[in-house]
Amino acid sequence: MIVITCPYCFARVPRDRVAFRCVGRAGRGAGCEPVADEALGRHRGGVPPSLPPVFPVRRPGRRADCPACGVSTGRRVCPECHNQLPAEYCANPGKIVALVGAKGSGKSTYIAVLLHELMNRVGAELDASLVPCDDRTIERYKQDFARPLYGRNMLLSTTQSVVNAPLRDPLVYLLTRTVRGRLRSRTASLTLVLFDTAGEDLRSRDVTEPHLRYLGAADAVVFLVDPLELPGARSALSGTALARGGTLEGDPDSDPINVISRVTELLRRRDGDRRLTIPVAVALSKIDALRPALERQSALHRARAPLGALDLDDREAVHEQVRALLDEWQAGMVDRYLRQNYTDFSLFGLSALGGVPGPESVGPGGIRPYRVEDPLLWLLYRFKMLDGVRG
Ligand SMILES: Nc1nc2c(ncn2[C@@H]2O[C@H](COP(=O)(O)OP(=O)(O)OP(=O)(O)O)[C@@H](O)[C@H]2O)c(=O)[nH]1
Ligand SMILES: [Mg+2]
Ligand SMILES: [Zn+2]
Ligand SMILES: [Zn+2]
(Lines give C-alpha, C1' and ligand atoms only; values in the text may rest on other atoms or scores of the structure.)
(Ligands and ions follow the chains in the order given, each with its own letter.)
Protein backbone atom coordinates (compact mmCIF):
# COMPACT_ATOMS: atom_id res chain seq x y z
CA MET A 1 0.00 0.00 0.00
CA ILE A 2 1.38 3.38 -0.97
CA VAL A 3 1.08 6.00 1.73
CA ILE A 4 1.35 9.69 1.00
CA THR A 5 2.34 12.11 3.71
CA CYS A 6 0.27 15.24 3.28
CA PRO A 7 2.80 18.07 2.91
CA TYR A 8 0.39 20.51 4.61
CA CYS A 9 -0.89 18.72 7.70
CA PHE A 10 1.57 15.78 7.62
CA ALA A 11 -1.19 13.21 8.02
CA ARG A 12 -0.27 9.86 6.53
CA VAL A 13 -2.82 9.12 3.85
CA PRO A 14 -3.04 5.76 2.06
CA ARG A 15 -3.19 6.57 -1.66
CA ASP A 16 -6.62 4.93 -1.95
CA ARG A 17 -8.02 7.33 0.63
CA VAL A 18 -7.14 10.50 -1.31
CA ALA A 19 -10.30 12.63 -1.69
CA PHE A 20 -11.50 14.94 -4.48
CA ARG A 21 -12.94 18.41 -4.61
CA CYS A 22 -15.76 19.24 -7.02
CA VAL A 23 -14.76 21.79 -9.66
CA GLY A 24 -17.81 23.87 -8.73
CA ARG A 25 -20.20 25.78 -10.88
CA ALA A 26 -18.82 27.77 -13.78
CA GLY A 27 -21.28 30.14 -15.46
CA ARG A 28 -24.61 28.47 -16.09
CA GLY A 29 -23.25 24.93 -16.31
CA ALA A 30 -23.63 22.09 -13.86
CA GLY A 31 -21.49 21.88 -10.72
CA CYS A 32 -21.91 22.29 -6.98
CA GLU A 33 -22.32 25.55 -5.08
CA PRO A 34 -19.52 26.45 -2.65
CA VAL A 35 -19.92 25.47 0.98
CA ALA A 36 -17.97 26.40 4.12
CA ASP A 37 -14.95 24.09 4.28
CA GLU A 38 -14.61 23.44 7.99
CA ALA A 39 -11.63 21.09 7.71
CA LEU A 40 -9.58 23.60 5.73
CA GLY A 41 -10.68 26.35 8.10
CA ARG A 42 -9.46 24.36 11.10
CA HIS A 43 -6.13 23.77 9.42
CA ARG A 44 -5.50 27.34 8.29
CA GLY A 45 -7.18 29.11 11.17
CA GLY A 46 -9.80 31.81 10.77
CA VAL A 47 -13.08 31.71 8.89
CA PRO A 48 -13.64 28.48 6.91
CA PRO A 49 -13.20 29.35 3.25
CA SER A 50 -16.16 28.91 0.92
CA LEU A 51 -15.32 26.23 -1.66
CA PRO A 52 -16.95 23.47 -3.70
CA PRO A 53 -17.47 20.31 -1.60
CA VAL A 54 -14.94 17.54 -0.98
CA PHE A 55 -16.00 13.93 -1.49
CA PRO A 56 -14.39 10.53 -0.90
CA VAL A 57 -14.20 7.94 -3.68
CA ARG A 58 -13.89 4.20 -3.57
CA ARG A 59 -10.91 3.76 -5.90
CA PRO A 60 -9.23 7.10 -6.48
CA GLY A 61 -7.47 7.54 -9.81
CA ARG A 62 -6.44 10.76 -11.54
CA ARG A 63 -10.04 11.97 -11.85
CA ALA A 64 -13.44 11.27 -10.29
CA ASP A 65 -17.04 12.26 -10.92
CA CYS A 66 -18.68 14.37 -8.25
CA PRO A 67 -21.51 12.29 -6.72
CA ALA A 68 -23.67 15.41 -6.27
CA CYS A 69 -23.45 17.07 -9.70
CA GLY A 70 -21.80 14.42 -11.87
CA VAL A 71 -19.05 16.73 -13.17
CA SER A 72 -15.58 15.18 -13.50
CA THR A 73 -12.81 16.69 -11.38
CA GLY A 74 -9.05 16.19 -11.17
CA ARG A 75 -8.56 18.16 -7.95
CA ARG A 76 -7.19 15.71 -5.42
CA VAL A 77 -7.19 16.79 -1.79
CA CYS A 78 -5.99 15.52 1.56
CA PRO A 79 -8.96 13.87 3.35
CA GLU A 80 -7.80 15.35 6.68
CA CYS A 81 -7.05 19.02 5.96
CA HIS A 82 -8.65 19.39 2.49
CA ASN A 83 -5.58 21.06 0.98
CA GLN A 84 -5.07 20.26 -2.67
CA LEU A 85 -2.41 17.61 -3.26
CA PRO A 86 -0.26 18.43 -6.28
CA ALA A 87 -0.56 15.76 -8.98
CA GLU A 88 3.21 15.24 -9.07
CA TYR A 89 3.18 14.74 -5.34
CA CYS A 90 0.62 11.94 -5.57
CA ALA A 91 2.75 10.27 -8.23
CA ASN A 92 6.03 10.66 -6.32
CA PRO A 93 5.30 10.64 -2.60
CA GLY A 94 8.11 12.97 -1.67
CA LYS A 95 10.84 13.27 0.84
CA ILE A 96 10.21 15.76 3.57
CA VAL A 97 13.34 17.60 4.56
CA ALA A 98 13.02 19.29 7.93
CA LEU A 99 15.15 22.32 8.60
CA VAL A 100 15.74 23.20 12.22
CA GLY A 101 17.98 25.49 14.19
CA ALA A 102 17.91 27.89 17.13
CA LYS A 103 16.47 31.36 16.82
CA GLY A 104 18.49 33.48 14.44
CA SER A 105 20.64 30.61 13.22
CA GLY A 106 19.89 31.58 9.61
CA LYS A 107 17.08 29.21 8.56
CA SER A 108 14.95 31.63 6.57
CA THR A 109 17.95 33.13 4.79
CA TYR A 110 19.18 29.65 4.01
CA ILE A 111 15.86 28.60 2.47
CA ALA A 112 15.74 31.74 0.33
CA VAL A 113 19.27 31.32 -0.98
CA LEU A 114 19.15 27.55 -1.40
CA LEU A 115 16.01 27.72 -3.53
CA HIS A 116 17.48 30.55 -5.58
CA GLU A 117 20.64 28.53 -6.21
CA LEU A 118 18.66 25.42 -7.11
CA MET A 119 16.69 27.40 -9.64
CA ASN A 120 19.88 28.81 -11.15
CA ARG A 121 23.51 27.73 -10.82
CA VAL A 122 23.12 24.42 -8.98
CA GLY A 123 20.08 23.45 -11.01
CA ALA A 124 22.13 23.85 -14.17
CA GLU A 125 25.04 21.85 -12.76
CA LEU A 126 22.81 18.97 -11.70
CA ASP A 127 20.68 19.14 -14.82
CA ALA A 128 17.75 19.45 -12.46
CA SER A 129 14.56 21.44 -12.57
CA LEU A 130 12.86 22.83 -9.52
CA VAL A 131 9.14 23.45 -9.91
CA PRO A 132 6.82 24.83 -7.22
CA CYS A 133 3.92 22.46 -6.62
CA ASP A 134 1.21 24.95 -5.72
CA ASP A 135 0.33 28.61 -6.15
CA ARG A 136 0.84 29.45 -2.51
CA THR A 137 4.43 28.23 -2.71
CA ILE A 138 5.07 30.57 -5.64
CA GLU A 139 3.45 33.47 -3.79
CA ARG A 140 5.18 32.84 -0.49
CA TYR A 141 8.60 32.38 -2.00
CA LYS A 142 8.26 35.68 -3.82
CA GLN A 143 6.74 37.63 -1.01
CA ASP A 144 8.55 36.31 2.06
CA PHE A 145 11.92 35.34 0.62
CA ALA A 146 12.87 36.52 -2.86
CA ARG A 147 11.46 40.04 -2.88
CA PRO A 148 13.04 41.27 0.36
CA LEU A 149 16.36 39.47 0.00
CA TYR A 150 17.04 39.53 -3.74
CA GLY A 151 14.79 42.42 -4.74
CA ARG A 152 15.59 44.88 -2.00
CA ASN A 153 18.78 43.45 -0.46
CA MET A 154 17.08 43.45 2.93
CA LEU A 155 17.65 40.82 5.61
CA LEU A 156 14.58 38.72 6.33
CA SER A 157 12.55 39.50 9.40
CA THR A 158 12.31 37.09 12.30
CA THR A 159 9.94 34.26 11.49
CA GLN A 160 6.71 34.56 13.46
CA SER A 161 6.12 31.87 16.04
CA VAL A 162 3.07 29.69 15.38
CA VAL A 163 1.93 30.67 18.85
CA ASN A 164 1.07 34.15 17.54
CA ALA A 165 0.38 33.45 13.90
CA PRO A 166 -1.65 30.91 11.96
CA LEU A 167 0.16 27.81 10.77
CA ARG A 168 2.28 28.66 7.78
CA ASP A 169 2.17 26.53 4.71
CA PRO A 170 5.35 24.75 3.81
CA LEU A 171 7.10 25.44 0.52
CA VAL A 172 6.58 22.42 -1.72
CA TYR A 173 8.80 21.87 -4.74
CA LEU A 174 9.35 19.06 -7.14
CA LEU A 175 13.02 18.54 -7.96
CA THR A 176 13.50 16.39 -11.05
CA ARG A 177 16.76 15.30 -12.57
CA THR A 178 17.94 12.96 -15.25
CA VAL A 179 20.08 10.23 -13.72
CA ARG A 180 22.40 8.72 -16.32
CA GLY A 181 22.71 4.98 -16.00
CA ARG A 182 25.21 2.74 -17.80
CA LEU A 183 22.62 1.60 -20.29
CA ARG A 184 19.93 4.21 -20.18
CA SER A 185 18.91 7.32 -18.34
CA ARG A 186 15.99 7.67 -15.98
CA THR A 187 14.34 10.65 -14.39
CA ALA A 188 14.19 10.74 -10.64
CA SER A 189 12.03 13.13 -8.65
CA LEU A 190 12.12 14.36 -5.14
CA THR A 191 9.44 16.45 -3.54
CA LEU A 192 11.10 18.92 -1.31
CA VAL A 193 8.90 20.08 1.52
CA LEU A 194 10.55 22.92 3.41
CA PHE A 195 8.89 24.23 6.50
CA ASP A 196 10.32 27.40 7.93
CA THR A 197 10.00 27.05 11.69
CA ALA A 198 10.59 29.97 13.99
CA GLY A 199 13.50 29.32 16.33
CA GLU A 200 11.37 29.67 19.44
CA ASP A 201 8.90 27.05 18.28
CA LEU A 202 11.52 24.43 19.05
CA ARG A 203 11.75 25.57 22.65
CA SER A 204 8.89 24.32 24.73
CA ARG A 205 9.11 20.71 25.82
CA ASP A 206 5.40 20.07 25.71
CA VAL A 207 5.39 20.13 21.98
CA THR A 208 2.24 18.58 20.67
CA GLU A 209 1.84 21.52 18.29
CA PRO A 210 0.83 20.61 14.76
CA HIS A 211 3.91 22.29 13.26
CA LEU A 212 6.06 19.75 15.03
CA ARG A 213 4.24 16.92 13.33
CA TYR A 214 6.41 18.02 10.49
CA LEU A 215 9.40 16.61 12.32
CA GLY A 216 7.56 13.40 12.96
CA ALA A 217 7.04 13.08 9.21
CA ALA A 218 10.57 14.04 8.14
CA ASP A 219 12.70 11.79 5.90
CA ALA A 220 15.81 13.84 6.57
CA VAL A 221 16.82 16.64 8.91
CA VAL A 222 19.11 19.60 8.29
CA PHE A 223 20.30 21.31 11.49
CA LEU A 224 21.73 24.79 11.22
CA VAL A 225 24.20 25.73 13.95
CA ASP A 226 25.25 29.36 14.23
CA PRO A 227 28.98 29.48 15.08
CA LEU A 228 28.50 33.03 16.37
CA GLU A 229 26.57 31.51 19.26
CA LEU A 230 29.19 28.91 20.19
CA PRO A 231 31.17 30.44 23.07
CA GLY A 232 34.37 28.61 22.12
CA ALA A 233 34.24 29.92 18.56
CA ARG A 234 34.53 33.56 19.49
CA SER A 235 38.30 33.68 19.13
CA ALA A 236 37.94 32.54 15.52
CA LEU A 237 35.44 35.20 14.54
CA SER A 238 36.28 38.26 12.51
CA GLY A 239 35.74 41.67 14.08
CA THR A 240 32.37 42.62 12.61
CA ALA A 241 30.94 39.16 13.23
CA LEU A 242 32.17 39.22 16.80
CA ALA A 243 30.25 42.43 17.41
CA ARG A 244 27.08 40.87 16.02
CA GLY A 245 27.31 37.42 17.58
CA GLY A 246 26.45 36.09 20.98
CA THR A 247 23.11 37.86 21.15
CA LEU A 248 21.45 34.81 22.68
CA GLU A 249 24.18 34.20 25.23
CA GLY A 250 22.91 32.79 28.48
CA ASP A 251 19.78 31.46 26.81
CA PRO A 252 19.98 27.67 27.16
CA ASP A 253 17.43 27.25 24.38
CA SER A 254 19.85 28.70 21.86
CA ASP A 255 22.53 26.15 22.72
CA PRO A 256 22.80 23.98 19.60
CA ILE A 257 23.08 20.79 21.61
CA ASN A 258 19.73 21.58 23.25
CA VAL A 259 18.04 22.14 19.91
CA ILE A 260 19.53 18.95 18.52
CA SER A 261 18.59 16.87 21.56
CA ARG A 262 15.02 18.19 21.58
CA VAL A 263 14.55 17.26 17.94
CA THR A 264 16.15 13.89 18.62
CA GLU A 265 13.58 13.26 21.36
CA LEU A 266 10.80 14.02 18.92
CA LEU A 267 12.23 11.65 16.34
CA ARG A 268 12.59 8.97 19.00
CA ARG A 269 8.88 9.05 19.69
CA ARG A 270 8.54 7.71 16.22
CA ASP A 271 11.56 5.49 15.83
CA GLY A 272 12.22 4.12 19.33
CA ASP A 273 15.39 3.70 21.35
CA ARG A 274 17.97 2.47 18.92
CA ARG A 275 20.28 4.78 16.97
CA LEU A 276 18.20 6.70 14.49
CA THR A 277 18.72 5.88 10.83
CA ILE A 278 17.25 9.06 9.40
CA PRO A 279 19.97 11.01 7.51
CA VAL A 280 20.98 14.12 9.40
CA ALA A 281 23.04 16.99 8.02
CA VAL A 282 24.49 19.33 10.62
CA ALA A 283 25.74 22.56 9.11
CA LEU A 284 27.62 25.47 10.61
CA SER A 285 25.88 28.47 9.08
CA LYS A 286 27.48 31.91 8.54
CA ILE A 287 31.01 30.51 8.17
CA ASP A 288 31.90 33.66 6.26
CA ALA A 289 32.25 35.11 9.75
CA LEU A 290 35.24 32.94 10.61
CA ARG A 291 38.60 34.67 10.44
CA PRO A 292 39.92 34.60 6.91
CA ALA A 293 43.19 33.06 8.18
CA LEU A 294 41.37 30.08 9.57
CA GLU A 295 39.40 29.66 6.41
CA ARG A 296 42.36 29.71 4.07
CA GLN A 297 44.04 26.58 5.34
CA SER A 298 40.89 24.48 5.38
CA ALA A 299 38.88 22.34 3.04
CA LEU A 300 36.06 24.68 3.90
CA HIS A 301 37.80 27.44 2.07
CA ARG A 302 37.93 25.63 -1.25
CA ALA A 303 34.97 26.07 -3.51
CA ARG A 304 33.28 22.84 -4.38
CA ALA A 305 34.11 21.62 -7.87
CA PRO A 306 30.95 21.61 -10.02
CA LEU A 307 31.00 17.94 -11.00
CA GLY A 308 27.27 17.28 -11.20
CA ALA A 309 27.94 14.55 -8.65
CA LEU A 310 28.86 14.31 -4.99
CA ASP A 311 32.63 14.50 -4.53
CA LEU A 312 33.11 11.96 -1.73
CA ASP A 313 36.70 13.02 -0.95
CA ASP A 314 35.64 16.61 -0.60
CA ARG A 315 32.71 15.53 1.56
CA GLU A 316 34.99 13.66 3.94
CA ALA A 317 37.49 16.51 4.07
CA VAL A 318 34.82 19.07 4.97
CA HIS A 319 33.23 16.73 7.51
CA GLU A 320 36.59 16.23 9.25
CA GLN A 321 37.36 19.93 9.13
CA VAL A 322 34.07 20.83 10.81
CA ARG A 323 34.57 18.10 13.38
CA ALA A 324 38.02 19.53 14.18
CA LEU A 325 36.57 23.04 14.46
CA LEU A 326 33.90 21.86 16.88
CA ASP A 327 36.59 20.19 18.96
CA GLU A 328 38.72 23.29 18.97
CA TRP A 329 35.72 25.30 20.15
CA GLN A 330 34.99 22.88 23.00
CA ALA A 331 31.84 21.89 21.16
CA GLY A 332 32.99 18.33 20.53
CA MET A 333 29.86 17.30 22.44
CA VAL A 334 27.85 17.97 19.30
CA ASP A 335 29.79 15.38 17.35
CA ARG A 336 29.74 12.85 20.20
CA TYR A 337 26.01 13.29 20.71
CA LEU A 338 25.36 12.78 17.02
CA ARG A 339 27.48 9.64 16.92
CA GLN A 340 25.59 8.18 19.87
CA ASN A 341 22.19 8.93 18.42
CA TYR A 342 22.41 8.68 14.63
CA THR A 343 23.83 6.10 12.27
CA ASP A 344 23.95 8.47 9.32
CA PHE A 345 25.05 12.04 9.91
CA SER A 346 27.40 14.39 8.16
CA LEU A 347 28.92 17.77 9.11
CA PHE A 348 28.89 20.82 6.85
CA GLY A 349 29.97 24.42 6.77
CA LEU A 350 28.14 26.97 4.65
CA SER A 351 27.30 30.59 4.20
CA ALA A 352 24.07 31.79 2.62
CA LEU A 353 25.08 35.43 2.33
CA GLY A 354 28.82 34.96 1.83
CA GLY A 355 29.69 37.93 4.00
CA VAL A 356 28.79 39.61 7.26
CA PRO A 357 25.66 41.73 6.63
CA GLY A 358 24.89 45.18 7.94
CA PRO A 359 22.25 45.74 10.60
CA GLU A 360 19.36 45.51 8.15
CA SER A 361 20.68 44.82 4.70
CA VAL A 362 22.99 42.50 2.84
CA GLY A 363 26.65 43.59 2.75
CA PRO A 364 28.04 45.69 -0.13
CA GLY A 365 29.32 42.60 -1.96
CA GLY A 366 25.78 41.33 -2.45
CA ILE A 367 24.69 37.75 -1.88
CA ARG A 368 27.58 35.37 -2.57
CA PRO A 369 26.47 31.97 -1.32
CA TYR A 370 29.11 29.49 -0.39
CA ARG A 371 28.49 25.72 -0.25
CA VAL A 372 24.78 26.19 0.52
CA GLU A 373 23.90 23.23 -1.68
CA ASP A 374 26.26 20.78 0.04
CA PRO A 375 23.72 19.28 2.49
CA LEU A 376 21.18 18.83 -0.27
CA LEU A 377 23.70 17.15 -2.59
CA TRP A 378 24.56 14.76 0.20
CA LEU A 379 20.88 13.99 0.77
CA LEU A 380 20.31 13.45 -2.94
CA TYR A 381 23.21 11.03 -2.86
CA ARG A 382 21.65 9.29 0.13
CA PHE A 383 18.30 9.09 -1.69
CA LYS A 384 20.11 7.59 -4.73
CA MET A 385 19.40 10.55 -6.95
CA LEU A 386 23.01 11.64 -7.34
CA ASP A 387 26.19 9.69 -7.99
CA GLY A 388 29.19 9.83 -5.70
CA VAL A 389 32.66 10.15 -7.27
CA ARG A 390 36.24 10.01 -5.97
CA GLY A 391 39.44 11.72 -7.02
N1 LIG B 1 27.47 36.40 8.46
C2 LIG B 1 26.31 35.86 8.09
N3 LIG B 1 25.17 36.20 8.73
C4 LIG B 1 24.01 35.61 8.34
C5 LIG B 1 23.95 34.67 7.27
N6 LIG B 1 22.65 34.27 7.13
C7 LIG B 1 21.95 34.93 8.09
N8 LIG B 1 22.75 35.76 8.82
C9 LIG B 1 22.37 36.66 9.93
O10 LIG B 1 21.53 35.97 10.82
C11 LIG B 1 20.32 36.69 11.02
C12 LIG B 1 19.16 35.72 11.19
O13 LIG B 1 18.91 35.02 9.99
P14 LIG B 1 17.48 34.34 9.69
O15 LIG B 1 17.61 33.64 8.40
O16 LIG B 1 16.40 35.32 9.85
O17 LIG B 1 17.45 33.30 10.90
P18 LIG B 1 16.25 32.32 11.33
O19 LIG B 1 16.91 31.07 11.78
O20 LIG B 1 15.22 32.22 10.27
O21 LIG B 1 15.67 33.09 12.61
P22 LIG B 1 14.21 32.96 13.29
O23 LIG B 1 13.20 33.05 12.19
O24 LIG B 1 14.17 34.14 14.21
O25 LIG B 1 14.21 31.67 14.04
C26 LIG B 1 20.20 37.55 9.77
O27 LIG B 1 19.43 38.69 10.03
C28 LIG B 1 21.64 37.88 9.45
O29 LIG B 1 22.06 38.98 10.22
C30 LIG B 1 25.18 34.35 6.60
O31 LIG B 1 25.23 33.54 5.65
N32 LIG B 1 26.31 34.97 7.05
MG1 LIG C 1 13.26 32.60 10.23
ZN1 LIG D 1 -3.48 17.27 4.93
ZN1 LIG E 1 -20.19 18.67 -7.64
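Here is a short tour of this structure, stop by stop.

This is a predicted model, where local features need pLDDT of at least 70, side-chain atom pairs count only at pLDDT 80 or more, and totals for chains, interfaces and linings use all residues. Residues are numbered from 1 along each chain as its sequence is written, chains are lettered from A and ligands numbered from 1 in the order in which they are written, and side-chain values use heavy atoms, leaving out hydrogens and water.

**Stop 1: the whole chain**

Show the chain as a cartoon and you'll find 12 helices and 18 strands (DSSP runs, H or I of at least four residues for helices and E of at least two for strands, numbered from the N terminus). Of the 391 residues, 53% are buried (under 20% relative accessible area; exposed is over 50% and partly exposed in between, with a 1.4 Å probe and protein chains only).

**Stop 2: ligand 3**

Now select the zinc ion (ligand 3). Around it sit the SG atoms of Cys6, Cys9, Cys78 and Cys81, coordinating at 2.3 Å. Donors here are N, O and S atoms within 2.8 Å of the metal (3.2 Å for Na, K and Ca); water is not among the atoms, so sites may look incomplete. The arrangement is tetrahedral because the four donor atoms subtend angles of 107 to 112° (four donors count as tetrahedral if all angles lie between 85 and 135 degrees).

Next, pick out cysteine 9, in the loop between strands E1 (3–5) and E2 (12–14), and cysteine 78, in the loop between strand E9 (75–77) and helix H2 (87–91): this pair links distant parts of the chain, 69 residues apart. Both cysteine 9 and cysteine 78 are buried.

**Stop 3: ligand 4**

Hop over to the zinc ion (ligand 4), held at 2.3 Å by the SG atoms of Cys22, Cys32, Cys66 and Cys69. This site is tetrahedral too, with angles of 104 to 116° among the four donor atoms. Cysteine 22 and cysteine 32 both lie in the loop between strand E3 (19–21) and strand E4 (35–36), so they tie together parts 10 residues apart in sequence. Cysteine 22 is buried at a relative accessible area of 0%, and cysteine 32 is buried at 10%.

**Stop 4: two helices**

Finally, select residues 107–119 (helix H3) and 135–151 (helix H5), which pack at about 90° with their axes 10 Å apart. That makes H3 roughly perpendicular to H5 (the word covers angles of 65 to 115 degrees). Axes are lines fitted to C-alpha atoms, for helices over the stretch in contact, and angles run from 0 to 180 degrees between N-to-C directions.

How values were computed: Tetrahedral: all angles 85-135°; square planar, octahedral: opposite > 155°, others 65-115°. Parallel < 35°, antiparallel > 145°, perpendicular 65-115°, else oblique.
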